[in-house]
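Look at the sequence and the model shown here, and keep both in view while reading.

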Amino acid sequence: MEPSTEVRIYPKPKKACKKVAQEIRKYISEWPKPRYDIALSGGSTPKKLFKVLSKKHRETIPWDKIHFWWGDERCVSPESDESNYKMAKDNLFLKISIPERNVHRIKGENQPETEAERYAAEIRNNLKNKNRLPVFDIIILGLGEDGHTASIFPDQLHLFHEEKLCAVASHPDTGQQRITLTGKVLNNAKRIYFLVTGESKAARISEIMNNDDAAKSLPAYHIEPVSGVLVWFIDEPAASKIS
Ligand code: 6PG
């Protein structure tokens, strides 16, 4: 385990989400500056986090300084229930006061290759650079049962080492196209918070934490901040197979 990696295990998903929310608030209070760029993950797990942020931190986080981005998005309409943006809008943005210009959604309705270029340009035009790459303050990631993270899937591991900032991926089972940040942007973040809950993730967590050979084919295994900090927020069921 890298020295800049921490593993925190909590009894329940909601507790893990509360701790992620507290960690976001702590980062903002410890590093006062005019703007913070935070990339969100999709799927179902972050929904609990968004609810905690909207209920417990509505007044404690300076939302006007926060710019929200995504680590990945499904190539669907922003009105689709599949949309990561819609999930964040319904569970967070509509419940806090955040300027619309602070929400930088990936436009899933656009032609995928064109949108990957457009989103990459928006990132370059907005974020400061570190190690000659755009640097996010915080990137929140989830873990798929197959070991994917963002939308980098095991059968497309090359996207982790892609030259570009953003790439077009496709879900291995459904074929659904996705836009994803690539590994070099993910690993350039100042803070990466991996939020992983549920028994269904236990096998992957065990492979990654135990540094099994099987882990090396998992995109999530290759998340290793170049100069930032990685914190795993895991509930007990997901941690149940760590030896
Ligand atoms: C997505 C996510 C993806 C997600 C994992 C875990 O768009 O699906 O960004 O990487 O984090 O699939 O999803 P759950 O939280 O639903 O298990």
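In what order do the six strands of the open sheet lie? The order is 1-11-10-7-2-3, and the pairing is parallel. Strands here are DSSP runs of E with at least two residues, and helices are runs of H or I with at least four residues, both numbered from the N terminus. Two strands count as paired if DSSP finds at least two bridges between them. At the edges of the sheet are strand 1 (5–10) and strand 3 (66–70), each of which pairs on one side only. On average, neighbouring strands in this sheet are turned by 20° against each other, with direction ignored.

This is a predicted model: local features need pLDDT of at least 70, side-chain atom pairs count only at pLDDT 80 or more, and totals for chains, interfaces and linings use all residues. Residues are numbered from 1 along each chain as its sequence is written, and side-chain values use heavy atoms, with hydrogens and water left out.

Within strand 3, H67 stands opposite D37. Helix 6 (residues 202–209) lies across strand 1, strand 10 (191–196) and strand 11 (229–235), and runs at about 145° to strand 11. Such angles run from 0 to 180 degrees between N-to-C directions, and the axes are lines fitted to C-alpha atoms, for helices over the stretch in contact, where contact means heavy atoms within 4.5 Å.

Now turn to strand 9 (residues 177–181). Four of its five residues are buried, meaning under 20% relative accessible area (1.4 Å probe, protein chains only). Strand 9 pairs with strand 8 (residues 166–170) in the antiparallel sense over five bridges, and Q177 is the bridge partner of S170. The hairpin of these two strands has six residues between them, and G175 takes a positive phi near 80° there. Strand 9 is also joined to strand 4 (residues 72–74), antiparallel, by three bridges; in this pair D72 stands opposite T180.

For an N or O atom in the side chain of R74, the distance to a ligand oxygen atom is 2.8 Å. A backbone N or O atom of G42 is 3.1 Å from an oxygen atom of the ligand. Taken alone the ligand exposes 410 Å², and the protein buries 88% of that; these areas come from the Shrake-Rupley method with a 1.4 Å probe.

Notes. Buried < 20%, exposed > 50% of the residue type's maximum accessible area, 1.4 Å probe, protein only. Polar contact = N/O pair within 3.5 Å; in protein donor to acceptor, adjacent residues only side chain to side chain.
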